Amino acid sequence: MMVGGEMPIHLYPLQAPISKDQMEELHLQKFCTDFCLAFGARPYVGLRRGEDPPDFIGLAPEGVRRIDCTQFVVGSRRASQAMFRSVRRAIFDAGPDRFSHLTGLLLWVWATTSRDLLDLPLRGNTQQELLNGLELFRFQSEMGVSYGPEVPEQAPDFGIQTSASGWRYYAVPLLVAAPSSPFFVKMGFEIAYNYPTEHTSLELWEEFKRVVMQHDQPSVDDLIITVGGPDREGYQYLGEDALFDFMIRTMTIPPLPLQHTKRVLVHRWESGSIIQFYPTYGTISRGPHQLSVPAHQPLVPNES
């Protein structure tokens, strides 16, 4: 499966990153809420912090349960997006005055080096080159438009710009809705990172299995794995849920060779669905949500 460009959803704008403990509590409480929406009762009551491990201790119908919490993430994409956030922050800190001509646009940005952004030195001068390029960039509405009754075999020219240090970028207009992100509210435009990666179901399973086995300890009864949940800075990556869905749809899930953990549950943040991976594999709840809709403001149609 190929994942291309992705703009993380800023679910919880925060002044500073929350702690790992706070993030784990947020994920567990969301799991409990979605479980209660599906079955009418919370899976655990009386939750309190554990000795790490376990992260939490709670009372379930079958008795006291020692609960560990973790996430299934795609490390390379998270690392690259984390680096790109420093680029967004540099643009954000520069303020909107230099970029008023970008109002109403979504900019796609990427790099041209062999390992993409992970090879691009994010020093101040490199970031400044991108800022200078965006200040001079002018969107042309005819770029990227194809005329005719059929879809062309080759995409039209989007007016891609290239900088000396390897930045590439182009813009598309926001026609239907504008995001309510703190970045857009201040700057008047949004910026997303184009980082294509390819994944196989076996590769994803091996990473999932590694995460599970890390938590197979005598002090853990239940392992709750969140997929697609927000990180410590409040960012959510929908590509992670898409990759997890690809994994479970395209392979037969093998048994997990656990020695200590009694139950492994996956909670998908977007839909609220809950899937058991151990001791047996199966869907516990399809989830109370149809989809996750990022905060946005619909735009008035342009009648001209």
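Val-64 is exposed, with a relative accessible area of 58%, where exposed means over 50%, buried under 20% and partly exposed in between (1.4 Å probe, protein chains only). The model is predicted: local features need pLDDT of at least 70, side-chain atom pairs count only at pLDDT 80 or more, and totals for chains, interfaces and linings use all residues. Residues are numbered from 1 along each chain as its sequence is written, and side-chain values use heavy atoms, leaving out hydrogens and water.

**Surface around Val-64**
- Val-64 lies in strand E5; strands (E, at least two residues) and helices (H or I, at least four) are DSSP runs numbered from the N terminus.
- Together with Val-45 and Leu-59, Val-64 forms a nonpolar surface patch of about 270 Å² accessible area.
- Patch members have over 30% relative accessible area and no salt bridge, with nonpolar side chains (Val, Leu, Ile, Met, Phe, Trp, Tyr) joined within 5 Å; a salt bridge is a side-chain nitrogen of Lys or Arg within 4 Å of a carboxyl oxygen of Asp or Glu.
- Accessible areas come from the Shrake-Rupley method with a 1.4 Å probe, and for residues only the protein chains shown count as cover.

**The sheet**
- An open sheet of seven strands has the order E3-E4-E5-E11-E13-E14-E15 with mixed pairing; two strands pair if DSSP finds at least two bridges between them.
- Strands E3 (45-49) and E15 (282-285) are the edges, each pairing on one side only.
- On average, neighbouring strands are turned by 30° against each other, direction ignored.
- Helix H5 (residues 201-214) packs on the sheet and touches E5 (63-72), E11 (222-227), E13 and E14, contact being heavy atoms within 4.5 Å.
- The direction of H5 makes about 140° with that of E5; axes are lines fitted to C-alpha atoms, for helices over the stretch in contact, with angles from 0 to 180 degrees between N-to-C directions.

**Strand E14 and its partners**
- Strands E13 (residues 263-268) and E14 (residues 274-278) run antiparallel and are joined by four bridges.
- Their hairpin has five residues between the strands, and Gly-272 there takes a positive phi near 80°.
- E14 also pairs antiparallel with E15 over three bridges, in a hairpin with three residues between the strands.
- Gln-276 in E14 stands opposite Leu-265, and its bridge partner in E15 is Gly-282.
- Five of the five residues of E14 are buried.

Conventions. Patch = residues over 30% accessible without salt bridge, like charges linked within 9 Å, V, L, I, M, F, W, Y side chains within 5 Å.
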